[in-house]
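Hi,

Here is the structure I promised to pass on.

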Amino acid sequence: MKKDFGDILNQWEKSCGNESHATFDKDSQREKFDEREKMRDSEYVKKLQPQDTIDLHGLTQDEARKALDDFVANSKRRGLRKILVIHGKGIHSGAGDGVLSGLVRKFIESDKRLGQFGHADKTMGGSGATWVVVRQ
């Protein structure tokens with residue numbers, strides 16, 4: 001019996017322990033490409049609604065940093081694209097700018113899992129909240 005290339009490939013894959021054939025889904029790849037292109041448009045990103053929110057009010061800096069790190073890890077694992085971090089305006093801190101808002105900004109700028117960010121609109125907290133894009 002003469003073997004064709006497919007038979008030889010199947011036999012080789014079985015010997016390697018890999019019997020699955022990977023396929024290339026061009027439609028899926030196109031959708032991913034289109035989504036990446038949209039995420040480069042700052043106006044599009046600003047209009048996206050956050051998919052989850054964390055409120056850091058009342059936490060110490062250490063507690064807030066830990067909570068934020070856990071929240072970002074969980075958001076990335078869930079495949080979320082945009083999240084909202086509520087840190088407050090610092091009205092009761094007595095130091096002018098809020099302590100947590102500075103911490104949040106430094107965290108976002110240094111975390112490679114995160115991309116674009118900005119203050120939320122007034123209906124979602126204004127300068128007391130920050131939206132963030134989670135990189136995929």
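Arginine 113 is partly exposed, with 21% relative accessible area. Keep in mind that this is a predicted model. The cut-off for buried is under 20%, so arginine 113 at 21% does not count as buried.

How many salt bridges does the whole structure hold? The search came back with seven. Two others are worth a look while you have the model open. In helix 4, aspartate 62 pairs with arginine 65, three residues away and about one turn of the helix, with 3.2 Å between the closest N and O atoms. Aspartate 62 is exposed at 58%, while arginine 65 is partly exposed at 38%. Glutamate 43 is partly exposed, at 44% relative accessible area.

Now for the inside. The largest nonpolar core has 17 residues, and the members touching the most others are Leu56, Leu68, Ile83, Val85, Val104 and Leu114. Which elements give two or more residues to it? They are helix 4 (61–77), strand 2 (82–86), helix 5 (99–110) and strand 4 (129–134). Helix 5 supplies the largest share, five residues. There is also a second, separate core of seven residues, with Met39, Val45, Ala120 and Val133 among them.

Beyond its sequence neighbours within four places, valine 85 is in contact with Ile54, Leu56, Leu68, Val104, Gly128, Ala129, Thr130 and Val132.

Threonine 130 from that list deserves a stop of its own. This residue is in strand 4 and is buried, at 7% relative accessible area. What does its side chain do there? The side chain of threonine 130 makes a polar contact of 2.8 Å with the side chain of histidine 87. Setting aside neighbours within four places in sequence, the residues in contact with threonine 130 include Ile83, Leu84, Ile108, Phe117 and His119.

Histidine 87 turns up again around leucine 100, which has contacts with Leu56, Leu59, Thr60, Gln61, Ala64 and His87 once neighbours within four places are left out. Leucine 100 sits in helix 5 and is buried at 10%. Leucine 100 and glutamine 61 are 39 residues apart in sequence, yet their C-alpha atoms are 6.7 Å apart in space.

Last, the rings. The count of aromatic pairs comes to zero. Tryptophan 131 does have a charge over its ring, though: the charged end of lysine 82 sits there, 4.6 Å from the ring centre.

Cheers

Terms used
Residues are numbered from 1 along each chain as its sequence is written. This is a predicted model: local features need pLDDT of at least 70, side-chain atom pairs count only at pLDDT 80 or more; totals for chains, interfaces and linings use all residues. Side-chain values use heavy atoms; hydrogens and water are left out. A nonpolar core is a set of buried Ala, Val, Leu, Ile, Met, Phe, Trp, Tyr and Cys residues joined through side-chain atoms within 4.5 Å. Buried means under 20% relative accessible area, exposed over 50%, partly exposed in between (1.4 Å probe, protein chains only). Helices (H or I, at least four residues) and strands (E, at least two) are DSSP runs, numbered from the N terminus. Contact means heavy atoms within 4.5 Å. Rings of Phe, Tyr and Trp (its six-membered ring) pair if their centres lie within 6.5 Å; planes under 30 degrees apart count as stacked, over 60 as edge-to-face and the rest as tilted. A charge sits over a ring if NZ of Lys or CZ of Arg is within 6 Å of the ring centre and within 35 degrees of the ring normal. A salt bridge is a side-chain nitrogen of Lys or Arg within 4 Å of a carboxyl oxygen of Asp or Glu. A polar contact is a pair of N or O atoms within 3.5 Å; within protein, one must be able to donate a hydrogen and the other to accept it, and residues adjacent in sequence count only if both atoms are side-chain atoms.
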